[in-house]
Amino acid sequence: MTAAHPLRVLVVKDDKTSSTLTRRVLEARGHEVTVCETAEHALEAHERRPHALMIVDWQLPEMDGVEFCRQIRRQPTNADIVILMMTGRAATEDLTTILEAGASDFLAKSPDQLAHLSTRIAVLERTVAERGRRRQAETALAVSKAEFETIYRSIPDAVVFTDTNNRIVRVNPAFTGMFGYQSAEVVGRALGEVTTRGRVLHGRFDEAADPGTQSASIQTKAGAEVLAELTQTDVRDSDGRLSGHLTIYRDVTHRKMLEARLQVADRMASMGTLAAGVAHEINNPLTFIMGNLNFLGSELRDIAGPEPSPRMSELHQTVHEALEGSERVRRIVRQLKTFARGGDEVVGPVDVHEILEKTLTLAKNNIRHRAQLVRDYGEIPRVVSDPTKLGQVFLNLLVNAAEALPLGRAPDHLIRVTTALSDDGRVMVSVSDSGSGVPPDVAAKIFDPFYTTKPVGEGTGLGLAICHGIVTQLQGEIRLESEPGRGATFTVLLPVAA
Ligand SMILES: Nc1ncnc2c1ncn2[C@@H]1O[C@H](COP(=O)(O)OP(=O)(O)OP(=O)(O)O)[C@@H](O)[C@H]1O
Ligand SMILES: [Mg+2]
């Protein structure tokens, strides 16, 4: 009978007859056999070409079989080799010596040794095969563990393993990158304690998410906010018992901001069309209303003469108020048009600091009684714009900043105008105030036309809508950052003139 897997076998025997018989038994089973008469030769032969199975006599000239075994086992790479020791000794301590030297098995010399050898080799073939399989499984396990580690360490999403009590067992490097906590700071702590200090968001932010995905705003260690989409999965052991949970966080802060900005831009575009239409429709009737009121006024003055009766004066006053009202309507219509058109008359490279200075002169009276003005100007290149339009943007922002501050407490408040080159190479102009800031629900609507928190008749709510229109037309961006109670910062980002 031949073996399923032919092996390379090393036979170490100085007795010719015995080695020839052994060789025959082995070759009959299909194995490839090398015979050596001394242990030294055998070590060399194995060095040249490794063997899976060794059949070794204890009694050998010079180095004996037991020492040979020790030498072979000294090499870690030889750990899987199966060694069968042939011996005439059979006392317990002899056998202990053989096994301690590293032999896998022994065969006592006897008259029917040959028959025993054949059976014993069949058993050893299985041992060799099993060791091979185990080694393969171990290698495969090591490879897949290494693969897992590579994936776990390199995925950009934060991954957290928690036990059944939701205590953190392990976090990947992306978790540290996203939330700022080192692994040692969070292992053993409850996941909820570490990551849900922020709000779980509902509403708009949630709408597009998958059913298994939650969206949350999570506070980092440094206190910043990360908008994350998180997915949680149960982890089960091979018996199907729950062993913990896997939570994956994807940072969607940037994407959500872009989406929000696109939404605003979209809304602005349709509002712009509407505004242009409304402005146009109002303009014509307004022109003749104002014309007629002016005519009425001057006719009344003529009729009344130099000393008008109280009744005439009252009539005249009424016409005057109607004219004032229509004047206000006319201003709104003009602003609506600006909002609708944005800054379409782009002229050329302009000096932002020059425009800021002119605007500050205009806004001086608004600011003077409410805040101290701080200029924090950096080195910035010119931008492409119509100077009037850009001035209008800055004026609206400065007036808003002033209006966010109380009258008469100028020493306690600041309006800071900052210019700089942003990281992405755009010109950045920001106007900050130390007022009460903008609550999140107001911030969502602040750029909408006609959105105002001022009393009826005081603000049009068009200021920021106009700023947005102009800045967008200039291929720029306008952003609000505000923490309630800590003032507001409006930042305008504009492309540099080529
Ligand atoms: N610096 C700021 N601090 C706090 N809230 C602000 C600030 N700037 C704007 N806002 C809020 O945004 C709203 C809209 O501003 P916007 O300039 O569009 O209109 P308005 O100032 O109300 O009206 P108008 O500009 O016609 O006077 C304001 O009513 C106010 O609630
Ligand atoms: Mg305003």
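**View 1. Helices α13 and α15 in the shell around ligand 1.** At least two residues of the shell around ligand 1 come from each of α13 (387–403) and α15 (463–473); helices are DSSP runs of H or I with at least four residues, numbered from the N terminus. The model is predicted: local features need pLDDT of at least 70, side-chain atom pairs count only at pLDDT 80 or more, and totals for chains, interfaces and linings use all residues. Residues are numbered from 1 along each chain as its sequence is written, while chains are lettered from A and ligands numbered from 1 in the order in which they are written. Ligand 1 is surrounded by 21 residues, the closest being Asn400, Ala404, Thr452, Gly459 and Gly463 (C-beta atom, placed from the backbone, within 6 Å). The shell comprises 10 nonpolar, 9 polar and 2 charged residues; Ala, Val, Leu, Ile, Met, Phe, Trp, Tyr, Cys and Pro count as nonpolar, Asp, Glu, Lys and Arg as charged, and the others, Gly among them, as polar.

**View 2. The packing of helices α3 and α4.** The axes of α3 (residues 65–74) and α4 (residues 92–101) lie 8 Å apart at an angle of about 25°, the axes being lines fitted to C-alpha atoms over the stretch in contact and angles running from 0 to 180 degrees between N-to-C directions. The two helices are therefore roughly parallel (under 35 degrees). Val66, Cys69 and Arg70 of α3 meet Thr97, Ile98 and Ala101 of α4, with C-beta atoms, placed from the backbone, within 7 Å counting as contact. These residues divide into 4 nonpolar, 1 polar and 1 charged.

**View 3. The end of helix α1.** Glycine 30, with a positive phi near 90°, follows α1.

Conventions: Parallel < 35°, antiparallel > 145°, perpendicular 65-115°, else oblique. Contact = placed C-beta atoms within 7 Å.
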